[in-house]
Each structure stands twice: as C-alpha cells, then as structure tokens.
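Let's take a look at a protein chain together. We'll begin with the overall shape and then zoom in on a single residue.

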Amino acid sequence: MIISADERAEILIDSLGYIKKFHNKIVVIKYGGNAMLNDKLKASVIKDIVLLKYIGMNPVIVHGGGPEITQMMALKGIETKFVNGLRVTTPETMKVAEMVLTGSISPDIASLFNANGVPSVSMSGKDGKTILAKQRDPELGLVGEVTHINTDYILNLIEDGYLPVVSPIAYGEDGMSLNINSDEVAKHLATALSADKLMLITDVDGVLNDPKDPTTLISRLTLSQIKEAISDGIISGGMIPKLDCCTGAIEGGVHRCHIINGTIPHSIIIELFTKDGIGTMVTNEEDIHENGDR
C-alpha cells in the first residue's frame, strides 16, 4: 500500500497528542521472545525504542535470555532442569547465566542503541546494588525474588541521557548473584521508577478470548476483568504469569501495562501511538473510563 504525502502528514499530526502526553515519561520494556532472536525483528524493535527516546520518552529495557542460556549450557554439557517453570540454578549454571545475560546479551543490545545514535549503558541488577534479592527456595538454587529496588543508579543514567539495558541478575546476600525472572524484574523496576507504562514484548498478540482465533484479541482489560477471565478459564497457561506481572505493576502505581507481539514489525509504535493499539492494554478500574487512548 502506497501512502500519500497528505496521509503521512495526517499520521504525524495524529501522533502529536501522544508525543506530548508521553514526553519525559519512563516506560519499562521487557524485551524477550523471538524478537530477540530474529535479526530483522530485533532491528524493528531497536528502531521503535530509538524513536521513543528521540521524541522525549525515557525507555528502560529489561531483557530475557532463557533460550540462549539453555543453548550455552548444552554446549558446556550442563544439564538444564526446571521446577514450576523456574530454572534450577546451581553455581555452575549461575556462571553461565551471568556470562550470557550480562556478558553478551545486554552489551549487544546496548551496542545496537549506540549504533543508532542513542547513548546506552548495559548493566545488571548488581550494578549500584540496583536490584536486591533473597533466595527464593533452596530447591531452586541461586534463584531469587526481589526484595528492594534502588533507583538512584538508573535515574542518574536517565538524567544524563542514557538508555539503561538491564540484565535480570540481582545482588543477593553477601553480594552473591541471583537469577531473577525477567518479567518480575520488569514489574519491580516499573513500580519503583514510577513508570507510566510497562510493556511486555512476547510472541503472542495479547490476550485472546479464543487462543486458537487471533481475531478474538481483547484490546483492554481491567484488573477485575482479569480475575473474572481467569476464573472462567478464558485466560490460562503461560498468559497467567504475564497478567500477574501486569496486575502487580498496576497495583504498584504503574499507569498502564501492555502485552504485545514482538514478531509484528513496529508493534511498539502501533501500540503506543494509535487509538486501538495492537495488543492488550491492562489498566485499573478508573482508568479504563478515562478516555479511549492507549
């Protein structure tokens, strides 16, 4: 489809209200799924986030890396074991996780932003004791749960014009490294930073009334509607932890949470700068009646 010059101008004018609304706001983006593994999709996500930075928003990236960790462990002959969806993290596994997350993925993402003209710093939750955590369960080994977020280091980076890229490794007792679920890290960071938005980049379109029918996307959900949909069995499986993450963020003061499909090019821009968006937006009860915007 060819867009005329007039149509392009109209799109830009329509975006102005959103740009003014989001100026200087913090948006925490959990970056994961196939959008991290496919180079074309990765380029699309990076360009979207670069645009957010250039129009005056303050993105903070939290990334995953489970498949890459599993692949590296296989190369090293280390067995991968999960309990209730969480990776059992032995000291040997922890070394691999830090090497992959903090030593490879995080700086690679930061380099892409730097190459696109946006100063970026890769960091782990241990830097500046930003993410403090305690051991979740001895059975899981060095898997942690967040106990506190120190925002000074990240806020200083933002104030100095940098885009933080955070790997989900936390500072545990006596400085030991703890492996944290990246969704949990994103939720806690968004809450502590008083973010306007939390965005979860996934491999699905959002919440569907019928998981087999992509045309049944639910564009907006309140917290009470989430509870009802889970109770009715509409929401199940891997979507429940995503919505638990959103619920925790909204209850913690984050304005809105968005679940979008990172395999759709420029899904971040479409979700933020169009009235209907492209994924599922989660809000509190009052906000859903505020207006029709994302």
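## Overall shape

A compact globule of 294 residues would have a radius of gyration near 19 Å, and the protein chain has 19 Å, so the two agree. (That radius is taken over C-alpha atoms, and the globule rule is 2.2 Å times the number of residues to the power 0.38.) Along the principal axes, the C-alpha atoms fill a box of roughly 60 × 45 × 35 Å.

Keep in mind that this is a predicted model: local features need pLDDT of at least 70, side-chain atom pairs count only at pLDDT 80 or more, and totals for chains, interfaces and linings use all residues. Residues are numbered from 1 along each chain as its sequence is written, and side-chain values use heavy atoms, with hydrogens and water left out.

Of the 294 residues, 48% are buried, meaning under 20% relative accessible area with a 1.4 Å probe, protein chains only.

## Zooming in on E68

E68 sits in helix α3, which covers residues 66-75. Leaving out residues up to four places away in sequence, E68 touches M36, L37, V100 and I105 (contact means heavy atoms within 4.5 Å).

Notes:
Helices (H or I, at least four residues) and strands (E, at least two) are DSSP runs, numbered from the N terminus. Buried means under 20% relative accessible area, exposed over 50%, partly exposed in between (1.4 Å probe, protein chains only).
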